[in-house]
Amino acid sequence: MKLKSILFVILVVLGSTQLCLAGTLSGKVSSAAGSVVWVEDPSSKVEAPAKPFVIDQKGLLFIPHVIAVPVGSTVDFLNSDSVAHNVYWTKIGDNKSLGHNLGTWPKGEKRSFKFDHPGVVPLLCNVHPEMSAYVVVVPTTLFAITDSSGAYIIQNVPDGAHNVSVWHEGMKQQSKQVTVNGATTADFTLTK
Amino acid sequence: MRLKRGMFSFFLVLFLVYPAVTHAIPAFSRQYQTSCTTCHNDFPKLNDFGKAFKDAGFKFPADDETFLKVPPTMLGSPAQKDQFPHVIWPGSIPGITPIGLRMNTYFQYSGQNRNNFNTLAGPPGTVAPFIPQTDFDAGFFSIFAAGNFGSDIAFWVDDDISVSGDNSAGGLGDGYLKFVNIGRFFKLPNNALHLRAGHFELELPFTQARSIDISPYDIYSQFNLGAQNPAFVKQQNVNNQFTMADGANGVEFSGGLHTGGYYWVVALVDQNTSGVTQSANTSVFIPSPTGGANGGVGFASDANFKDMYARFAYRFNLEQDRKSRHAIQAAGATGPRDHTYLTLGSYYFYGRSVQRFSGTDLVGAPAVLTAREPFYRVGGDFTFNYRTLQIYGLFMYGHDTNQLPVDITGTLVPLPLTSTSPAPVGFVHGTPAAFNGGFIQADYMPLPWIMTIMRWDAVNSGPDRINGLGINTATPFVVPFRSTRNRFTPGVQFLIHANIKASFEYQFRPQQFVTVVTNPITGLPVAVQQFRTNTAVAGLEWVF
C-alpha cells in the first residue's frame, strides 16, 4: 500500500513536470493550405506509426495532394481509378539516388513503400503527367499540415529552442529558431 | 502553254506546302484536366488509351463521370428515362464548350533542281513562275469540337477557318454523330455494332486527317487519270478524281474495338465523281429537300449510285502477361504503355465514276453521253507495335473500268476530245486504268518528346508516266520519270510541350524530267536527264 502511494505520487509529479515542459506551437503560414510544419527535435526518437498512411489515385488525382509522415513510415498507394496508374519519384529531398518507381497497377490493387529517408518526395505518374503529389518525410513526430486558412498547431512540443521548418509546394523551404514556452506562436512567410 | 507550265509549278508548290490535316483535342484536356499525352503519343497520333477513349464515344471507357472535372449539363433528369415515351429521352451536353483550336506554320526549302522547270516557261523572255529556294508559309487555322451527348452518342466537328492565310479557303473536315454500341438494342455483344452518320474520313487503315506526318501519304492522294497522251496508241477515258483521303457523306456501320480483336466497317457514301463535295449541284426546277433552310444548298452527289467502303482488321495483342493483354494499356515496369501488338487488315472501296460528253445519238441528234465507270480500290495493311517502336504499312491496288468513246463508225475517238474530234455516239470497253502502291513507315520515340520517322512511299502508275511524257498534258504527279514514284521521307518531331510541336521532314522526292526526246526506232517520246527536286520542311504546330 505504501509502495503504491509512493508510485502514485511519483507519477503525478512526473506528469505535472511533463505538462510544464511541453507546450503548443501554432501559427500561420503565408502559403495557406498544404504547408507542412515540423519541429526538428534531435533528442527524441522517431517512432513511425504502425498503421500505414494512404494516398489514393482517383479521377486522375492523387488524394491527398500532400501528406507528411514521420521517417520510417509506410505509405499505401491505392488506385481507385478504372485506368492503370503508376507512381514514381525521381528523388527524396535532393538525393536523386533515392528515386524509385513503384510500377503499374490496376484499380483495386495497392503498392506500399516504407520511407526511411527524410525529405520531400515528389510523386508523379508517368502516363498522366498532370498528376503530382508530395510525401514530406519528416525526422520527427512533431509536425502538422496547415488548414485552408494556413493555420497549424503542433501539440506536445518540449519547451526550449527548436529549429522549426516549413515546406510548401513551389516555395522555398524555410527554417527558423523558435523558443517554445507553453503556448507559443510562430508565423511563417514563404517566398518562391 | 503557260497554263500547263503554271500547273507544274502549282502542283509542285501544292505538294510542298500541303500539310497533313491534323487534330488533337484540347477540349478533352480541359474537361478532364489531363494532359494531351493521356491520349496521344505525339499528337494527333493516338496511343492505346486514346483509341479506347475514341471507341467509347469520346469518354473514358469506364467510370467516365469520376474523371470529368467539369460535369456535363443535363438536358433532363436521368430519372425521366422512366417516363419515356412521354418525355424526351434525357441527354447531356458538355459542361464547357468543347472547342479546340489549332494553328501551324511552315518553313520550306527546295533543292536547286527546282529551277529545271524554268526551261518550260516558254519562248525567250517569258518569265517562269518563280519557285523560291526558301519560303515561309502559314498553314491551317482550324477549329474543332468533340464530345459526348450522353446515351453513348458522340459528336465531332472540325473546320479549317483559314488555309495558308486565306480566310476563305477553309472547309469542313469531319462532322458526324456516332451512335456507339447500338448493338445493345438488338442484344448483340458489347461493341458489336456502332453507327456513324455525317461527313467523315473513311475508316482508313491509317488516318490521313490525323496523321503526324507533314506531307500526306502519296497513295492516299492518288487519283486515277487514265493515259491520254496522243503520242501513244493506248488511250484511257478515265478521269476519276476520287482519292482515299477524300471526306465522304454517308453512313457507316462498324463493330469491334481498335484496342484488340476484330474491327469491321461498312460505309455507304455519296458518289463523289469530282473529288470534292458538289455543294453547288442545284436545280431551279427540283429544289433540294433541305430547301436551303438547314444548310442544304443543293445536292451533294450527281448520281444515284452510292459508293461502298468496307474494312476488316484484327489486332493481336501479344503481351505475355494475360491480365495485361486484355487491359486497355499494357502494364509496363515503369507505367502503362502501348501494347505489343500486330494488326492485320484489308479494305475495299467500290464506286462508279461518271463522265459526260457532248455527242450525238445514232441518228446524229445532239445528245449527252454518260460513261459510268465502275472502279475499286483494294488492299491490305499491317501494324506492328513494340513499346515505342511502331512499323506499319499499306498496299493499295486501284482499278478503273475504261469506257472509250467511239464515233458513228465504231472508231475510237482520240483523246482528249477537241473541237475537231468526231462526235462520240457511245462507248466500248478498253484497257482498264490501274495503279498500285503504298507506303511503309516506322515511328520510334527514343524519348517521350521525340518522334523519329522514316517513311517510304511508292505509287506505280503507267498512265501517269505516259501522261507525263506528253509534256503538253498536264499531270499533277510531279512529272514522273518512271512508272513508279518512290519517295523516302525521314523526319523528326519534338514536343516542346504536350500541345506544341516542332516537326522536320526531308523528302527524297521521285525522279522528274523536263527533257523529252523521240525514240528513233519506236517514234515514241522518251524522257531523259532525270533529276530529283528534294525538299525539306520545318513546321510549328500548336493546339489549345
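Trainee: Before we look at anything, what should I know about the model and its numbering?

Mentor: The model is predicted, so local features need pLDDT of at least 70 and side-chain atom pairs count only at pLDDT 80 or more, while totals for chains, interfaces and linings use all residues. Residues are numbered from 1 along each chain as its sequence is written, and chains are lettered from A and ligands numbered from 1 in the order in which they are written.

Trainee: How many helices and strands does chain B have?

Mentor: Helices (H or I, at least four residues) and strands (E, at least two) are DSSP runs, numbered from the N terminus. Chain B has six helices and 30 strands.

Trainee: What share of chain B is buried?

Mentor: A residue is buried if 20 or more other C-beta atoms lie within 10 Å of its own, exposed if 12 or fewer, and partly exposed in between, with C-beta atoms placed from the backbone. Of the 544 residues in chain B, 40% are buried. One residue to look at is B:Asp158, in strand E7 (residues 153-163) of chain B. B:Asp158 counts as buried because it has 20 C-beta neighbours inside 10 Å.

Trainee: Which residues of helix H3 of chain B are buried?

Mentor: They are B:Asp48, B:Phe49, B:Gly50, B:Ala52, B:Phe53, B:Lys54 and B:Asp55. That is seven of the eight residues in H3 (residues 48-55), so the helix is largely enclosed by the rest of the structure. The buried residues of H3(B) pack against strand E1 (40-42) and strand E2 (45-46) of chain B. Just after H3(B), B:Gly57 has a positive phi of about 95 degrees.

Trainee: Is B:Lys187 buried or exposed?

Mentor: B:Lys187 counts as exposed because it has 7 C-beta neighbours inside 10 Å. Its phi is near 60 degrees, a positive value in a residue other than glycine. For another case, turn to B:Ser151, where phi is near 55 degrees. B:Ser151 is partly exposed, with 13 other C-beta atoms within 10 Å.

Trainee: How many residues of chain A are in contact with chain B?

Mentor: Two residues are in contact if their C-beta atoms, placed from the backbone, lie within 7 Å. Here 16 residues of chain A are in contact with 19 residues of chain B. On the chain A side, strand E7 (85-89) and strand E8 (100-105) each supply at least two residues, and E8(A) gives the most, with three.

Trainee: Which residues touch the most other members of the largest nonpolar core?

Mentor: A nonpolar core is a set of buried Ala, Val, Leu, Ile, Met, Phe, Trp, Tyr and Cys residues joined through C-beta atoms within 7 Å. In the largest, of 72 residues, they are A:Val37, A:Val121, A:Val135, A:Val136, A:Phe143 and A:Ile154. Strand E11 (residues 132-138) of chain A gives the most to this core, with six residues. Apart from it lies another core of 20 residues, including B:Tyr217 and B:Phe349.
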